[in-house]
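Before reading on, please take a moment to look over the chain and its fold. The paragraphs below are meant to be read with the sequence and the coordinates at hand.

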Amino acid sequence: MNLMRTKSIEQSMADASEPGRTLKRSLSTWDLMIMGVAVAVGAGIFSVGAKAAAHNAGPAVTVSFILAAITCAAAIMCYAEFATAIPVTGSAYVFTYATMGELLAWIIGWNLILELLMAASVIAKYWGVYLSDFLYAINLPLPAEVSVFGLTLYWGPLIVVAAFTVVLVLGTKLSARVNNVVTVIKIAIVLFVIVVGFFFVKAQNYTPFVPPSQPAPAAATWAEQPFLSFLSGSMPAMYGFGGIITGAALVFFAFIGFDVVATSAEEVKNPKKTLPRGIFAGLAVVTVLYVLVTLTVTGMVSYTDLAQAKDPSLATAFQLVGADWAVVVIALGSLIGLTTVIMVLLMGLARVSMAMSRDGLLPRTLSRTSEKRSTPARTQIICGAVVALLAGFTPIELLSEMINIGTLSAFVMVSIGILVLRRKQPDLKPAFRVPFGPVIPIVSALLCIYLMFNLATLTWIFFAIWLVAGLIIYFCYGQWNSRLGREQKADREKVADRT
């Protein structure tokens, strides 16, 4: 049993050309940029900055966003180098398979499924809630859930997931066009809110820019404590320099959608140029939008007023200055913001599952693509059905932090994988190469590990359970059905026959 067997870049490229399992290259730089913006700018743009300002960094939350963007950029550079060297679907799973072996590749693929499945389900659930809130705001009261045969049914997620599953089955280019239109509308709403908000900005609200440090309220239970605090027994602080860093850890999760963009590498025209340009352009747009929103919210009202709110957001700031009408616009922006996020996550989930099934680690039938549209229709429908069931019938939002730990574990492996790839294949010349030698990949891995340890202790427990379940599936199914394993076994038998 060789758990560390690696799959060569040439093998990955050849598998991507296998008849009946290929994807069509149709996405441009613009499509990728919009995809990155679509998945990173959701309802959180109206809330995450306000929460970080209220409870962590004060007006210096803008610095927190810049630090988080730099951290994300370091990880995304590693993704870009890999994606230009191995432009096939599967993202971190494929990259890990080429560098650190099958078992670790399975773990990362399994974690990516965790990230994308949880994210799509949780966001679909919130989409239904935001839809209900928006309808209430315009005097059309309709509850987010109904009772069906004694079960609580959240009807909103079923509608949005079904709609986008159909769009994704019909074709990647069609999906990109829908995504582009909705994302442009979303950006327009965000910019409108920012411009209106700046008319209420008062300079004194930015003072002190870095509030004095003070002890943060202790977590209610050990399960809610950051894992690092639980291990060390230390008490977290708020505001000051430490608050800026803690704020960066919180707002970093506004940027975690960019790894999903890398899963589309096999569907990109001229990936060696298009991928880096699209990913970094998207990151730049997202960073500017988040910084502008945080400047608006911290300028409109004092961070201390935000801290007194139960759930501080940009809507809170507008309410405090008497502009209640903006709540309706923000509710609409939140609803539209979540819409495209769901579509991109559903697409990423199907692509990762497809890549793993090509290699036999999941049933090979999942990697079949439609002859007419070159999309993994069967897998896309299965993914949509699972997401709809989770979002429609379960309290999936309780597991929202699982999204973060799945993403960060992939970031860590991709960052380390760059170092391994360069050592194993020094002559490989990808179109994009992370600058400053091994420095950025190492810093990226360390920063992501630090952020992982700032997640709640209970999240780590659930993560451990997920990993154990994944290992059971791999040892009971994956290792015996691995195409690479079977090919290597056949080669050994041929050698043995000759001798």
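What follows goes from the whole chain to its aromatic pairs, its salt bridges and a patch on its surface.

This is a predicted model, and the chain in it has 20 helices and four strands. For 499 residues, a compact globule would have a radius of gyration near 23 Å, and the value for the chain is 23 Å, which agrees. Along the principal axes, the C-alpha atoms fill a box of roughly 85 × 50 × 45 Å. Buried residues account for 58% of the 499 residues, and of the contacts between residues at least 6 apart in sequence, 83% join residues at least 24 apart. The chain exposes about 20200 Å², of which carbon and sulfur atoms supply 68%.

Turning to the aromatic side chains, a search of the whole structure finds 16 aromatic pairs. One of these is formed by F82 and F95, which are stacked, at 4.7 Å centre to centre and with 5° between the planes. Because F82 lies in helix 4 and F95 in helix 5 (residues 92-99), the pair ties together parts that are 13 residues apart in sequence. F82 is buried, with a relative accessible area of 0%, and F95 counts as buried too, at 1% relative accessibility. The rings of Y474 and F475 have their centres 5.2 Å apart and their planes at 75°, so this pair is edge-to-face. Y474 counts as buried, since its relative accessibility is 0%, whereas F475, at 32%, counts as partly exposed. Both rings also belong to a cluster in which ring pairs link W106, W110, W466, Y474 and F475.

Charged side chains supply another set of links. Side chains of opposite charge can pair when their charged atoms come close. The structure holds eight salt bridges, among them the one between R5 and E102, whose closest N and O atoms are 2.8 Å apart. This pair links distant parts of the chain, with R5 in the segment before helix 1 (9-15) and E102 in helix 6 (residues 102-137), 97 residues apart. R5 counts as buried at 10% relative accessibility, and E102 is buried with a relative accessible area of 0%.

A salt bridge also joins D359 to K7, and here the closest N and O atoms are 2.3 Å apart. D359 sits in the loop between helix 15 (326-358) and helix 16 (377-393), while K7 is in the segment before helix 1, so that the pair links distant parts of the chain, 352 residues apart. Both D359 and K7 are buried. Between D15 and R483, the closest N and O atoms of the salt bridge are 3.4 Å apart. As D15 lies in helix 1 and R483 in helix 20 (residues 483-498), this pair ties together parts that are 468 residues apart in sequence. D15 is buried, with a relative accessible area of 13%, whereas R483, at 22% relative accessibility, counts as partly exposed. K7, D15, D359, R483 and E487 are linked in a network of salt bridges.

Methods:
Residues are numbered from 1 along each chain as its sequence is written. This is a predicted model: local features need pLDDT of at least 70, side-chain atom pairs count only at pLDDT 80 or more; totals for chains, interfaces and linings use all residues. Side-chain values use heavy atoms; hydrogens and water are left out. Helices (H or I, at least four residues) and strands (E, at least two) are DSSP runs, numbered from the N terminus. The radius of gyration is taken over C-alpha atoms; the globule rule is 2.2 Å times the number of residues to the power 0.38. Buried means under 20% relative accessible area, exposed over 50%, partly exposed in between (1.4 Å probe, protein chains only). Contact means heavy atoms within 4.5 Å. Accessible areas come from the Shrake-Rupley method with a 1.4 Å probe; for residues, only the protein chains shown count as cover. Rings of Phe, Tyr and Trp (its six-membered ring) pair if their centres lie within 6.5 Å; planes under 30 degrees apart count as stacked, over 60 as edge-to-face and the rest as tilted. A salt bridge is a side-chain nitrogen of Lys or Arg within 4 Å of a carboxyl oxygen of Asp or Glu.
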